Amino acid sequence: MIHLSEELGYRCVVFNNRGMAGENLLTPRTYCCANTEDLETVIHHVHSLYPSAPFLAAGVSMGGMLLLNYLGKIGPKTPLKAAATFSVGWNIFACSESLEKPLNWLLFNYYLTTCLQSSVNKHRHMFVKLIDMDHVMKAKSIREFDKRFTSVMFGYQTNDDYYTDASPYHRLKSVGIPVLCLNSVDDVFSPSHAIPIETAKQNPNVALVLTSYGGHIGFLEGIWPRQSTYMNRVFKQFVQAMIEHGHELSNM
């Protein structure tokens, strides 16, 4: 997506969550889908540098969940002109249930849990006074990790409270700018029955695009898919249309 944007002549900024991309944590705090403060800070910082430039955002998977939660909280007051999300998990309860099915746990859940554990263990010294890190490192699923680490880190009374707050589906009605959301109905990370189709229909700012196949951040095309994917094509067309014709929407 970065390369496609640069081909169109657009400047790009990548938002890395705190503690990621080789950065050390300076405070005992990480990130989660529900907490949008860091993203909001970055958006307003970039906007302050280029206040007259058309400003769009894209989020993939968890990044899309974070972006939608931000847009749902702030409504039309954002400096963003439009946004696009891909392979978002709309309801974390449904996502967790899907990923805890035996085959999905074996293929995805356990591995991703070890990745989460590794990402926080490298900053272990920052958390030892706040969280039982030995207990965290024994988690066998994403839900167990979130119960032992994420929900505690961000002060939720229960993990269910965190999952409710972090699920973007209930904020979709409050999105106040044009947003394109691409999901595949065969995505095990985001079960089709939990995609908020009716809610999307009620918000004229939201375009929900569903494909029969595509998996999670896949959307491969052709017999020998090696170059651009359907996801990339949709991203490029949407971004270019919003940059060049976005002003026309306000006149409709």
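Q: How near do the axes of H8 and H9 come, and at what angle do they cross?
A: This is a predicted model. In it, the axes of helix H8 (residues 142-153) and helix H9 (residues 159-166) come within 9 Å, and the crossing angle is roughly 95°.

Q: What do you call that arrangement of H8 and H9?
A: Roughly perpendicular. Angles of 65 to 115 degrees count as roughly perpendicular, so that is the term for H8 and H9.

Q: Which residues meet there?
A: From H8, they are Ile-142, Arg-143, Asp-146, Lys-147, Thr-150 and Ser-151. From H9, they are Asn-159, Tyr-162 and Tyr-163.

Q: And by class, what is in the contact of H8 with H9?
A: Three nonpolar, three polar and three charged residues.

Q: What does Ala-139 touch?
A: Not counting residues up to four places away in sequence, Ala-139 touches Thr-113, Gln-117, Glu-144, Phe-145 and Arg-148.

Q: How far apart are Ala-139 and Ser-5?
A: In sequence, 134 residues; in space, Ala-139 and Ser-5 are 39 Å apart, C-alpha to C-alpha.

Q: Switching to H4. How many of its residues are buried?
A: Six of the eight residues in helix H4 (residues 92-99) are buried, and the helix is mostly covered. The buried ones are Ile-92, Ala-94, Cys-95, Ser-96, Ser-98 and Leu-99.

Q: What covers them?
A: The cover over the buried residues of H4 includes H3, helix H5 (102-121), H8 and H9.

Q: What is Asn-91 doing at the start of H4?
A: A side-chain oxygen of Asn-91 reaches to within 3.0 Å of the backbone nitrogen of Phe-93.

Q: New topic: where is Ser-61?
A: Ser-61 sits in the loop between strand S1 (56-60) and helix H3 (62-74).

Q: Buried or exposed, that Ser-61?
A: Buried, because Ser-61 has 19% relative accessibility and buried means under 20%.

Q: What does the side chain of Ser-61 make a polar contact with?
A: With the side chain of His-216, at 2.9 Å. Leaving aside neighbours within four places in sequence, Ser-61 is in contact with Phe-86, Ser-87, Val-88, His-216 and Ile-217.

Q: Where is Ile-217, then?
A: Ile-217 is in the loop between strand S4 (206-211) and helix H11 (230-249). Its phi is near 60°, a positive value in a residue other than glycine.

Q: Which other residue in the loop between S4 and H11 can we look at?
A: Phe-219 is in that loop. Phe-219 is not a glycine, yet its phi is positive, about 55°.

Q: Last one. What does UniProt list for residues 3-222?
A: The UniProt entry, which is unreviewed, lists "domain: AB hydrolase-1" there. Over residues 3-222 the chain is 42% helix and 10% strand, with the end C-alpha atoms 21 Å apart.

Definitions and conventions:
Residues are numbered from 1 along each chain as its sequence is written. This is a predicted model: local features need pLDDT of at least 70, side-chain atom pairs count only at pLDDT 80 or more; totals for chains, interfaces and linings use all residues. Side-chain values use heavy atoms; hydrogens and water are left out. Axes are lines fitted to C-alpha atoms, for helices over the stretch in contact, and angles run from 0 to 180 degrees between N-to-C directions. Helices (H or I, at least four residues) and strands (E, at least two) are DSSP runs, numbered from the N terminus. Angles under 35 degrees count as roughly parallel, over 145 as roughly antiparallel, 65 to 115 as roughly perpendicular and the rest as oblique. Contact means heavy atoms within 4.5 Å. Ala, Val, Leu, Ile, Met, Phe, Trp, Tyr, Cys and Pro count as nonpolar, Asp, Glu, Lys and Arg as charged, and the others, Gly among them, as polar. UniProt positions are given in the numbering used here, feature names are shortened, and annotations may be inferred rather than shown by experiment. Buried means under 20% relative accessible area, exposed over 50%, partly exposed in between (1.4 Å probe, protein chains only). A polar contact is a pair of N or O atoms within 3.5 Å; within protein, one must be able to donate a hydrogen and the other to accept it, and residues adjacent in sequence count only if both atoms are side-chain atoms.
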